[in-house]
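Visitor: I would like a close look at one part of this model, the surroundings of the ligand. Please take me through them slowly, contact by contact.

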Amino acid sequence: MDNLLDNMRDALDLVEYGIVLLDEDLRARFINRSFRKMWALPDYVRGETYTFESLIQHASQTGAYPIAPQHLDSYIADRVAQVKSGHDGPRLLSLSDDRVLKFECVPLPRGGSMLTYADQSDLIHAVEKLEEIIHIDDLTKLNNRRFLNTCGETEVARSKRYSHPLSVVVINLDQFKKIDADYGRDAGDKVLCAVADCCREATRNTDVIGRLGGDEFALILPATTLAAAMVVAEKTRRKIAAIVVHVGPLSVKVTASFGVVTVTEHKRSFEDLLQSANKAMQTAKSTGRNTVVAAPQ
Ligand SMILES: Nc1nc2c(ncn2[C@@H]2O[C@H](COP(=O)(O)OP(=O)(O)OP(=O)(O)O)[C@@H](O)[C@H]2O)c(=O)[nH]1
C-alpha cells in the first residue's frame, strides 16, 4: 500500500499542471513538482508546511502574483472563502511575468479539495494575438474599422438604453496624397502614427479611437454631448496642426478636417452617425480644410 501511495505521488509529480491537495482546514497535504516550479517553491516542499493562505502570500511575496499589498488581505479572504465552499473556478490567474494559469478547485469525496493550475499562456497569448490581428490597425496600433463598427453599434445601443449622449468625430487628413507624393510613403506613415498619438492624447480612456482606413480616423465619445465633442475635436485639430515630422533636413506638416455628430432620434445606428459625420467633414473640406464642422442635429 505504501508503495502504491509513493507511486501515485511520483505520478502526480510527473503531471504537467500544478496540483495541491488540501485538507478541510486548507492545509496543503501534497504539492506536486509542477506547482513548486510554477510558483518558485523550494523543491523539497511536499506539502504540510503550507496553508492555502500562505501559498498565496508566498506568490505575492515573490512578486509572481501581482496583488497590491493593500488589497492582499481582502483578496486572500475572498479566495479562502471560495475554496472553503468547495468549488472554485475555473478562473484565469494572470501572473506578473505574463503567464496565465487556469485555476480550479474541486472538492474530494473523502474531504478536502484538489487545486489544479494549468499553464494556458500559449493558448491565451495566441488568442490575444489573433484578437489584435482582427481588431488592431497594424501601422498606428489604433482600433481598426471592424472594431470601430462593432464597438460603435454597442455604444449606440447603450446610449439609447440609458438615454446618455453619444458623439462621433470623423477626421480626414488634408491633401495627404501630396505628403506621400512629396516626401515618400514612409514619411506618410510617420505622419499617420503622429496623428494617432494626437487622437490618444486628446481623448479619455473611456473613448474609443480608431483608424477607419487610409487617412481617416474616428473618435467614439460615450457620454459626450455635441458641444463637448466639438471641444475634443478642436483640441485634436490643434494638436494635429502642430505635428512636425522630420524627414532628413525637411519638416513635414499636416492638417485635418473634422465632422462631428451626436445621437438623435433620426440617427439611430452607428452607420447613420458615420454618414452624417462624413458629410460634415466634407463640408469642412469644401470650406477651406483644417476646421471642425458639426452635423445638423
Ligand atoms: N503613407 C501611407 N499612405 C496611405 C496609407 N493608406 C492610404 N494612404 C494614402 O492616403 C492618400 C489619401 O488621399 P485622398 O483620400 O485622395 O485624400 P487627400 O489627398 O487627403 O485629399 P483631401 O482628403 O481632399 O484633403 C492616398 O494617396 C493613399 O494612397 C498608409 O497606410 N500609409
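Which element gives the largest share of the shell around the ligand?

Guide: That is helix H8, with four residues of the shell. Helices (H or I, at least four residues) and strands (E, at least two) are DSSP runs here, numbered from the N terminus. Before we go in, please keep in mind that this is a predicted model, in which local features need pLDDT of at least 70 and side-chain atom pairs count only at pLDDT 80 or more, while totals for chains, interfaces and linings use all residues. Residues are numbered from 1 along each chain as its sequence is written, and side-chain values use heavy atoms, with hydrogens and water left out.

Now to the shell itself. There are 16 residues around the ligand, and those that come nearest are Gln 175, Phe 176, Asp 180, Asp 189 and Arg 211 (a residue is near a molecule or strand if one of its heavy atoms lies within 4 Å of it). By type, the shell divides into three nonpolar, four polar and nine charged residues. In this scheme Ala, Val, Leu, Ile, Met, Phe, Trp, Tyr, Cys and Pro are nonpolar, Asp, Glu, Lys and Arg are charged, and the others, Gly among them, are polar.

Next come the polar contacts (pairs of N or O atoms within 3.5 Å; within protein, one must be able to donate a hydrogen and the other to accept it, and residues adjacent in sequence count only if both atoms are side-chain atoms). Gln 175 uses its backbone: a polar atom there is 2.7 Å from an oxygen atom of the ligand. Asp 180 brings a polar side-chain atom to 2.7 Å from a ligand nitrogen atom. With Asp 215, a polar side-chain atom is 2.8 Å from an oxygen atom of the ligand.

On its own, the ligand has 670 Å² of accessible area, and the protein covers 70% of this (Shrake-Rupley method with a 1.4 Å probe; for residues, only the protein chains shown count as cover). Two or more residues of the shell come from each of strand E6 (166–173), helix H7 (176–183) and helix H8 (185–202).

One last stop, for your geometry checks: Gly 89 and Pro 90 are joined by a cis peptide bond with omega of about 5 degrees, and Pro 90 has its place in strand E3 (residues 88–94).
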